[in-house]
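Here are my notes for your reading. Please keep the model open beside them.

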Amino acid sequence: MTSETPRHIVLIGMMGVGKSTIGNKLATAMGRQFLDLDAAIEQSAERTIAQIFASDGEHGFRDREAVALREAVASSEPLVIATGGGIVDGPAAGELDRQCCVWLTARLDTLVARVGAGQGRPLLSGDIEATLTDLLARRAPNYEKAATLTVAVDDQSVSAIVANLCKALETLC
Ligand code: S3P
């Protein structure tokens with residue numbers, strides 16, 4: 001990071017928590033550009049996330065994720081960036097400490113309902129509830145370590161979450 005590089009707002013948290021939806025609206029509310037890291041990875045690889053996992057494995061995907069995050073944070077414009085849920089598991093994790101990370105949390109039943117059959121998410125197969133439980137147990141300390149701010153999204157509308165975030169981020173980031 002150079003002295004001219006701004007701190008970006010980076011949304012982290014489990015699959016299904018709403019990082020892309022909230023990030024998109026937060027960016028609009030803050031007058032920033034929004035970047036969805038999974039979409040950026042798919043665009044540069046010209047393949048879907050599922051295809052990348054199938055050909056390169058999870059390690060290959062995590063390496064691409066780290067490159068995509070490094071490129072995103074090099075932007076001279078302060079961005080709002082939505083990440084994939086596993087970013088804290090890979091080589092991108094160190095970069096998160098230099099940014100303003102918002103950890104979005106939700107109850108397990110909320111996540112299970114939102115991810116449905118796990119379509120397009122290669123880590124979700126078989127018993128989705130058990131998989132999410134295991135992933136969350138493993139990732140929670142890493143989310144916590146990276147987070148500047150933690151927000152529980154259950155039972156709140158997207159617009160209420162965005163309004164609260166805008167207020168909190170004014171002083172934090
Ligand atoms: C992943 C989450 C996905 C995507 C990939 C791996 C994970 O993004 O990056 O399928 O390891 O939790 P979302 O969190 O947007 O679903």
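Is Glu 46 buried or exposed?

1. Glu 46 counts as exposed because its relative accessibility is 73%. Buried means under 20% relative accessible area, exposed over 50%, and partly exposed in between (1.4 Å probe, protein chains only).

2. A note on the source: this is a predicted model, where local features need pLDDT of at least 70, side-chain atom pairs count only at pLDDT 80 or more, and totals for chains, interfaces and linings use all residues. Residues are numbered from 1 along each chain as its sequence is written, and side-chain values use heavy atoms, with hydrogens and water left out.

3. Most residues other than glycine have a negative phi. Glu 46 is not a glycine, yet its phi is positive, about 55 degrees. Glu 46 lies in the loop between helix H2 (37-45) and H3. Helices (H or I, at least four residues) and strands (E, at least two) are DSSP runs, numbered from the N terminus.

4. Look at Asp 155 next. Its phi is also positive, about 60 degrees, and Asp 155 is not a glycine. The loop between strand S5 (147-152) and helix H7 (158-172) holds Asp 155. Asp 155 counts as exposed because its relative accessibility is 72%.

5. An N or O atom in the side chain of Lys 19 is 2.8 Å away. For the side chain of Arg 62, the value is 2.7 Å.

Definitions and conventions:
A polar contact is a pair of N or O atoms within 3.5 Å; within protein, one must be able to donate a hydrogen and the other to accept it, and residues adjacent in sequence count only if both atoms are side-chain atoms.
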